[in-house]
Amino acid sequence: MSRTSYDRYLTVFSPEGRLYQVEYAFKAISGSAHTAVAVRGKDTSIVITQRKVPDKLLDASTVTHLFSITPTIGCVMTGLIADARAQIARARAEAAEFRYKYGYEITPDALARRIANINQVYTQRAAMRPLGISMIIIGLDAEYGPQCFKLDPAGYFVGFHATAAGQKQQEAMNHLEKNRAEVIEMAIEAMSTVHATDYKPGEIEIGIPEKTKGKWRVMGEAEIEEHLLAYAEKD
């Protein structure tokens, strides 16, 4: 059988032990033309991604890759936005069910583990397909503090101090490995460096849990501009 025969079916391994449909899902992420960066600090975590409005007639406020799952947990989605919205709906349902069953909000690691398990099921049943998205979850854990987890279409998840997803993922991760700074400046620097671009406030999105109450929020353009100016002055 040729490669074209093996990549028609999700549940059939090639002789080399590869699942081509899962690999194609990863390509959908890297080919999304978006980059997301996440950094975990001592007292908070942050995610940053590009905001691209493809048409001037679109309402820019409705274009986003940052989503709230619970009052204290948020995420950035990279890849196919329709798949992202479907997974966000499932994640919110899982978080609501957890709160109903146990009486308190789900923790970031428990949510990441549950969604990763669901992703893995999508790789072993013929009636499904892997979602072409990478999900980076951040939030504050009452016991462990700031948390940052990245999930992939294969169902693998792991915690990070700093990570990236999407276009130029490896370049961003290489930059994060070599540099240490205040979390927001570090994320802005990584994004600006790998794309060789000085971003304007309306061209990026930043999501962060508040340091005091841990509530997830998306920064407004005025606040983003303050951090961009601080980063510019630092240089």
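Nine salt bridges are counted in this structure, which is a predicted model. Side chains of opposite charge can pair when their charged atoms come close. Three of these pairs are worth a visit.

Start in helix 3, which spans residues 81–102. Here the side chains of E94 and R90 form a salt bridge, with N and O 2.9 Å apart. The two residues sit four positions apart in the helix, or about one turn. How accessible is E94, buried or exposed? E94 counts as buried, because its relative accessibility is 11% and the cut-off for buried is under 20%.

K101 forms a salt bridge with E97, and their closest N and O atoms are 3.9 Å apart. K101 and E97 are also four residues apart, so about one helical turn separates them. K101 has 52% relative accessibility and counts as exposed, because the cut-off for exposed is over 50%. E97, at 43%, counts as partly exposed.

E210 is partly exposed at 30%. R217 is partly exposed too, at 27%. Salt bridges can also share partners: R90, E94 and R114 are joined in this way into one network.

Next, look for empty space. Rolling a probe the size of a water molecule over the atoms shows where empty space is left. The largest pocket has a volume of about 300 Å³. Its lining is made of 17 residues, and V39, R40, H161, R180 and M186 lie nearest the centre. Which element gives the most to this lining? Helix 5 does, with three residues. Strand 1 (35–40), helix 5 (169–178) and helix 6 (183–195) each supply at least two. By class, the lining has seven nonpolar, three polar and seven charged residues.

The second largest pocket holds about 200 Å³ of space. Of its 14 lining residues, F26, S134, K150, D152 and Q169 are the closest to the centre. Two or more lining residues come from each of helix 2 (20–30), strand 6 (145–151) and strand 8 (162–166). Helix 2 has the largest share, three residues. How does this lining divide by class? Eight of its residues are nonpolar, four are polar and two are charged.

Conventions
Residues are numbered from 1 along each chain as its sequence is written. This is a predicted model: local features need pLDDT of at least 70, side-chain atom pairs count only at pLDDT 80 or more; totals for chains, interfaces and linings use all residues. Side-chain values use heavy atoms; hydrogens and water are left out. A salt bridge is a side-chain nitrogen of Lys or Arg within 4 Å of a carboxyl oxygen of Asp or Glu. Buried means under 20% relative accessible area, exposed over 50%, partly exposed in between (1.4 Å probe, protein chains only). On a 1 Å grid over the protein atoms alone, a cavity is a set of points where a 1.4 Å probe fits but cannot get out, and a pocket is an open set with protein on both sides within 12 Å along at least five of seven lines; lining residues have an atom within 4 Å of a point. Grid points are joined across faces, edges and corners, and a volume is the space filled by probe spheres set on the points. Ala, Val, Leu, Ile, Met, Phe, Trp, Tyr, Cys and Pro count as nonpolar, Asp, Glu, Lys and Arg as charged, and the others, Gly among them, as polar.
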